[in-house]
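Hi,

Here is the structure I promised to pass on.

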Amino acid sequence: MTALLLALLFQKADPAAAAAPPPDPMGKYLADLENAGILTKGEDNGPASLERLRSQLAEAEDDLVTGNAQVASVKLFRLVESRDYAKFDYAPEYAIAELTLSRALIRAGGYKTAERYLLRVLGRGPKSPAFAPAYRGLVDIALETREQAAILAVLDHFGEDLAARGGELPKDAAWEHTYLAGKVAYEAGDTARAESLFSGVDRQSRFYAAALYFRGLIHARRGHLASARRSMCEIVEQVDQDRFTFFIDGRYYGIKDLAYLALGRIAHEQEKYDDAYYFYFRVPEDSERLPDALFEASWSMFQAGEYEAANAFLEEFDRSFGKTPLAPDVMLLHAMIDLKSCRFDEVRATLDKLVKTYGPIQERVATLLKDPDKRTAFYRRLLSKRSIGMPRDPIIELLKVDPAFYKFYADIVALDREAGMVPNEVAVWDELTAHEKGGGASNATEAVRLVNDVEALRPLAAGDPEMENRVADLADQARRAARLGNVGSGPFAKEAETSLALAGEARKLRVQLVAATSTIANKALVDLDKRLRELLRRARLTHIDAVIGKKKKLEIEIANLRQGRFPADLFATLQLEGLMGDDEEYWPFEGEYWSDEYENYK
Amino acid sequence: MHLVIALLTSLLAAERLPVHSRLAAAPGPSARPAPAQTADEGGAPAKAPPAAPPAATIDVARLRAEYDKLRDALFRARARAELVEEGVYASKMGARIRWKGAPDFIMRRAEVRLDGNSIWDSGEKPLVDEIIKVSERPIKPGQHSVTLRLEIRPGKKSEKEHEGLGYEIEHSFVVNIPDGKRTTIDITADDDGDLPEYEPEIEVEIESEK
């Protein structure tokens, strides 16, 4: 944060001030490599020119859009941190190169470095064509990394500095700032300030729909359901039929689905079940929210007494989402609809199935909660849930896991990937040292590859103690070989040491991330245990209701028979049986007349 | 009959949650308070839940900040190493992967690894292209292993019963990178199978030029 503010102080639009920013570590490093003549050896390294800057920028952009963010960022580092290209600092292409580098860094996970380059772009002033995208980039980093308050402080400082010099933020940047400030206020619990700020986000801002959604949430929290509904409706319906209503980006469709769901819930709360039906129905088929929408729509129809409609939603749910966390709730709702429709035998059959399916699962969950070892094995399965090769686990299908779990898991995977590349990086330094010394070629890269190959043997050797020992010995020898004879005494020793230290830090952080994911999974397991117990308890109650209901139905039928009133189904049968002769047969109506069977047809 | 329905209705009547908690947490019917205990329930009481594991608190913000800082440092270290590779190695290697099984089979995810390290990964986002380009990079001449990992799923127009089918394949190829040349590895993958049967096919062409 302090570093960012310092960087910003040097990024004033004043050209004199801009001329003396603190040297970027990567820039200094690049200068050292250029001085050592290392970076001039590649065959692609021609003299620096504006044409060359453009062509390199185009190549880097191509790399970025094809998913090669790392390659793109290395190319761009060589442009924006090179002394040779610094003379083109005035050119718009140079600013675009800085902006593209920050985009590549964001894509590769280097947020901190990206912030530095975005601030460099902002330092060029609001008239630069890259200013608005750079401002947006910083807001995106704030929202992605959750360092919203810290980045807002940096942007505030930038705004004050700009104002002091008589400058003004462009409208789009001002709306971005307002939205970010609103988000910070909302998360700090200052809903009054948040609402006022969100109201200031204009229709031409890409955050207009998100700001409306938050305004709706704030109204709902205060119990102002009509206002909440108005805000949500504005997101999903463009009443004025204008070609231009408000700006959107890729996030809009997710917000729109959430808005429909929220509208359905508000309507349900207001007992406007038909409205709720309409809003839930509008959640599109490809939405992640569809299972919730179907279940809640069914619940609304159930409350409205429209049991056929309620059943139709549940059948749709069963077809597509039978293996989701809501599945047991849906089964219970099926039984409740049957109960309301006096189909008591179906109720009992459904509930028997529910208890038979989810009773053992609840017992397994309880066992997992008691046994830490089994829990650890379970978390491993949970982490590989998305792999197609994993057999399905009914507990995993029922867990409602906090999205933070998958976020941390993605972090672990990314850390593993980065840390896994450290031996290769050290090998490069070793090769370079050997190269500079002019001795024979280093075998560092082969040694690293050998370490990887030997490590891949470990799973194959598992279970055979002799083979396990042999693989362990081989791995030790390979590591010793990879401990790099050249780099330790050469000019790049510090680089290699830094890389190795980072790998150690990555291992430590990994342990913390694994603990965090386990804590989240624990919570989900406890929650599942509670949910299943409650469901089974309610299933037992509904079962009792079905028994009482059936008994009561029979009592009423018997009383009616005593008084000579026949039930409809029995009445027709008895009437027909009384009229038919022994040689006659009765074909009951099956719900459709055919033209050749009905003489007055049409 | 009406009496029975009235009784059941009263049993099923649910209390309402405040709307903001519904908006935030999407509670369904099971989230509503349960009806009062009945005599029958007293006869078969639910067992007390087992002792939950101790709930540790996570400082998400701290972890996130540490992670971002470390990831950035790792990235910079790697970028520095990659910067010098160009000066050290005269050979270059790039790859193109083409999937020809669409529209019956589509690529859900793809990853390319060089000597065990991931150099291209589609990540969690669904793949929309059928051609993957792995940018050219400096590489030490000699033998290297290129691993291709693909997750294949039935296309969108496949029948409902085939939903959930698919497979993951991983192939590793040892390739020879000549000194001072640009090597392009062209991998073409296809599947002519008729679901639920599969017929995966992989072809690798390697071209090296000055």
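**What I found**

I187(B) has V204(B) as its bridge partner in β8(B). Before going further, a caution: this is a predicted model, and every value below is computed from it.

That pair belongs to the antiparallel pairing of strand β7 (residues 182-191) of chain B with β8(B), which runs over 10 bridges. Is β8(B) enclosed, or does it lie largely in the open? Of the 10 residues of strand β8 (residues 200-209), the number buried is zero, so the strand lies largely in the open.

**The mixed sheet**

β7 and β8 are part of an open sheet of four strands in chain B, ordered β4-β1-β7-β8, with mixed pairing. At its edges stand β4 and β8, each with a single partner strand, so one side of each has no neighbour in the sheet. On average, neighbouring strands here are turned by 15° against each other, direction ignored.

At the β4 end, strand β1 (residues 91-99) of chain B is joined to β4(B) by seven bridges, and the two run antiparallel. Is V134(B) buried or exposed? It counts as buried, because it has 23 C-beta neighbours inside 10 Å, and the cut-off for that label is 20 or more.

**The antiparallel sheet**

Chain B has another open sheet of four strands, in the order β3-β2-β5-β6, and this one is antiparallel. The edge strands are β3 (117-121) and β6 (167-177), each of which pairs on one side only. Neighbouring strands are turned by 25° against each other on average, again ignoring direction.

- R113(B) has S118(B) as its bridge partner, and E111(B) stands opposite D121(B).

The hairpin of β2(B) and β3(B) has two residues between the strands, and D115(B) takes a positive phi near 50° in it.

**Chain B as a whole**

There are four helices and eight strands in chain B, and along the sequence they follow the pattern α-α-α-α-β-β-β-β-β-β-β-β. Of the 210 residues in the chain, 30% are buried. If you count contacts in chain B between residues at least 6 apart in sequence, 67% of them join residues at least 24 apart.

**Cores and chain A**

The largest nonpolar core has 162 residues. The members that touch the most others are L76(A), V121(A), A134(A), L138(A), A211(A), Y213(A) and F214(A). Helix α26 (residues 493-562) of chain A gives the largest share of this core, 16 residues. Taking A134(A) as an example, and setting aside neighbours within four places in sequence, its contacts are L99(A), L118(A), V121(A) and L122(A). Apart from this core lies another, of 19 residues, including M107(B), A110(B), V112(B) and I152(B).

A quick geometry check on helix α22 (residues 403-420) of chain A: at 1.5 Å a residue its 18 residues should span 26 Å, and its end C-alpha atoms are 26 Å apart, which agrees. The buried residues of α22(A) are F405(A), F408(A), Y409(A), D411(A), A414(A), L415(A), E418(A) and A419(A).

Last, confidence. Chain A averages a pLDDT of 82, and 80% of its residues score at least 70. Over residues 5-21 of chain A, however, the pLDDT is below 50, and this stretch has 31 contacts in the model beyond near neighbours in sequence.

Cheers

Conventions
Residues numbered from 1 in each chain as written. Chains lettered and ligands numbered in written order. Predicted model: local features only at pLDDT ≥ 70, side-chain atom pairs only at ≥ 80, totals over all residues. Pairing = 2+ DSSP bridges. Axes fitted to C-alpha atoms, helices over the stretch in contact; angles between N-to-C directions. Buried ≥ 20, exposed ≤ 12 C-beta atoms within 10 Å, placed from the backbone. Core = buried A, V, L, I, M, F, W, Y, C linked by C-beta atoms within 7 Å. Contact = placed C-beta atoms within 7 Å. Expected span 1.5 Å × (residues − 1). pLDDT = per-residue confidence, 0-100.
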